[in-house]
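Have a go at each one before you read its solution.

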Amino acid sequence: MGLLDNKIAIVTGGARGIGAKIAERFTEEGAQVVLVDIDQESAEAHAQAISLKGAQAAAYVVDVSNTDAVKELVTQVVKRFGRVDILVNNAGITRDGLIMTMSEKDWDSVIAVNLKSVFNFIKAIARPMIRQKAGSIVNISSVVGLIGNGGQFNYASSKAGVIGATKSAAKELASRNIRVNAIAPGYIQTAMTDKLDEKAKNTLLELIPAKSLGRPEDVANAALFLASDLASYVTGEVLRVDGGMAM
Ligand code: NAI
């Protein structure tokens, strides 16, 4: 018996990093997963790797910031699987820079991929979930959405927006038995943070009481809890997975 037996889950940005680990963890608990990513090669490779372990995974190539494409994707997934029980809005990008020199393009693209995507998916999935009278949505925010970060004006704004979106959707959808929660990871070891130089990493470690970076599985386990019935009375919550960084 798994925690997610027979559940259908969409995980955006599921080709690598945190999203890939969330997808893997969900399938270990019995879910079928739909990986949504713009990186076709990695998404297909990861879906195949999961399938080789005997679980079910399908890859879809969609840009999460494209409203029409997301609507079409959700329609296709509902048609193919009959329902969607879990949505994890995980896809995200950084385009770091100081406010004074940040281009409009870098602002727009980060807001589109990190925040508009959450609007796109929740809007598209609300109706099927309401029809099912059940659903669990997990949005991946960040600790910088809670505490801000110099050099990440666009990214921190998008992640703070994700928290507002989470709480508003949680209030709207709670009476329909749909829970909406967020996770605020701290610094997790993935391609996104591999870009940091040693000096920046050491400075960050100073800020983390646990004195280590987190792993994608740390976030995946939190997502599993929030997605599963273990969290059946939890909604509108922002769960930090950050080694104590933002407490
Ligand atoms: P990553 O860069 O390793 O993976 C992101 C995935 O999203 C990639 O597979 C990428 O192809 C996909 N993606 C990017 N743009 C897309 C688009 N427009 N449409 C569809 N897919 C797209 O990043 P990582 O570290 O795994 O991050 C996952 C989430 O966790 C992001 O939302 C990130 O902001 C958040 N996060 C990460 C932290 C970290 O320390 N790594 C800390 C806090 C939050």
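A polar contact is a pair of N or O atoms within 3.5 Å; within protein, one must be able to donate a hydrogen and the other to accept it, and residues adjacent in sequence count only if both atoms are side-chain atoms. This is a predicted model, where local features need pLDDT of at least 70, side-chain atom pairs count only at pLDDT 80 or more, and totals for chains, interfaces and linings use all residues. Numbering starts from 1 along each chain as its sequence is written, and side-chain values use heavy atoms, leaving out hydrogens and water.

**Exercise 1.** Find polar side-chain atoms that lie 2.9 Å from the ligand.

*Solution.* Start at Asp-63: one of its polar side-chain atoms is 2.9 Å from a ligand nitrogen. Next, go to Lys-159, where a polar side-chain atom sits 2.9 Å from a ligand oxygen.

**Exercise 2.** Which backbone atom lies 2.8 Å from an oxygen atom of the ligand?

*Solution.* Look at Ile-188: a backbone N or O atom there lies 2.8 Å from a ligand oxygen. Now take the ligand alone, which exposes 830 Å² (Shrake-Rupley method, 1.4 Å probe); the protein buries 95% of that. Finally, pick out Arg-16, Asp-37, Asn-90, Tyr-155 and Thr-190, which come nearest of the 29 residues around the ligand (a heavy atom within 4 Å).
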